[in-house]
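Please find below a colleague's note on the model under review. The sequence and structure come before the comments.

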Amino acid sequence: MTGSKAARAKAGPLSLRTEAMTKGRQADSARRRQRVIAALSKAAADGTEISVSSIARAAAVDRTFLYRHRDLLGKIHAAEATPPAASDRVGPTVTRASLQADLLAACERAARLAARVHQLEHRLSQALGEQAWRESGLGAPADIDALNQKITHLEQQVTGLKLQLAERDEDLTAARAANRELMAQLNSTARRQ
């Protein structure tokens, strides 16, 4: 009994500390959320550029914070998609950099789609050729046909794995960029102190 009382006495302060840390973290998260909402409202009212990076910068939070809070990210994307309200400002609200980024993304997407179309045309050509070959009565024996089907299946798996690898490479690049920004912020904070 004495041992269990001592264990409960040790667990009490530890759980109090854990609870205090949890409440502190929740309060910090709530403050960050309020800064993000305020920055988003200000950007919408001012007619300035709205993007994940610009809102994160204005709210002094890391972009990963926004990606962890999907509701905030959804609000930012919704504000991005809505056209800016007519204001007293003269001139376009779209920046040259944003147009160049959109153009680059569209070009890359077009290249990916063209490669995919070429791959599908090649597969269709092969399938039609094999069908014509079988219907003509000159088709390959069943064991060769099974091997060809296995090759096709493995090629599809390779294509899927390549797409997954490309997505993971993009995620890794984004994570590295976020890490570099965080390290730069930490270094600049350390230098100021």
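This is a predicted model: local features need pLDDT of at least 70, side-chain atom pairs count only at pLDDT 80 or more; totals for chains, interfaces and linings use all residues.

1. Residues are numbered from 1 along each chain as its sequence is written, and side-chain values use heavy atoms, with hydrogens and water left out.

2. The protein chain has 6 helices and 0 strands (DSSP runs numbered from the N terminus: helices are H or I with at least four residues, strands E with at least two).

3. Of the 193 residues in the protein chain, 12% are buried (buried is under 20% relative accessible area, exposed over 50%, partly exposed in between; 1.4 Å probe, protein chains only).

4. Helix α4 (residues 70-81) comprises 12 residues and spans 16 Å from its first C-alpha to its last, close to the 16 Å expected at 1.5 Å a residue (the expected span is 1.5 Å times one less than the number of residues). The buried residues of α4 are Leu72, Leu73, Ile76 and Ala79. They lie on the same side of α4 because they cover an arc of only 125 degrees around the axis (taken from the directions from the helix axis to the C-beta atoms). Arg70 and Ala81 are exposed on the other side of α4.

5. Serine 51 is located in the loop between α1 (2-46) and α2 (52-59). Serine 51 counts as buried because its relative accessibility is 16%. Neighbours within four places in sequence aside, serine 51 is in contact with Ile76 and Glu80 (contact means heavy atoms within 4.5 Å).
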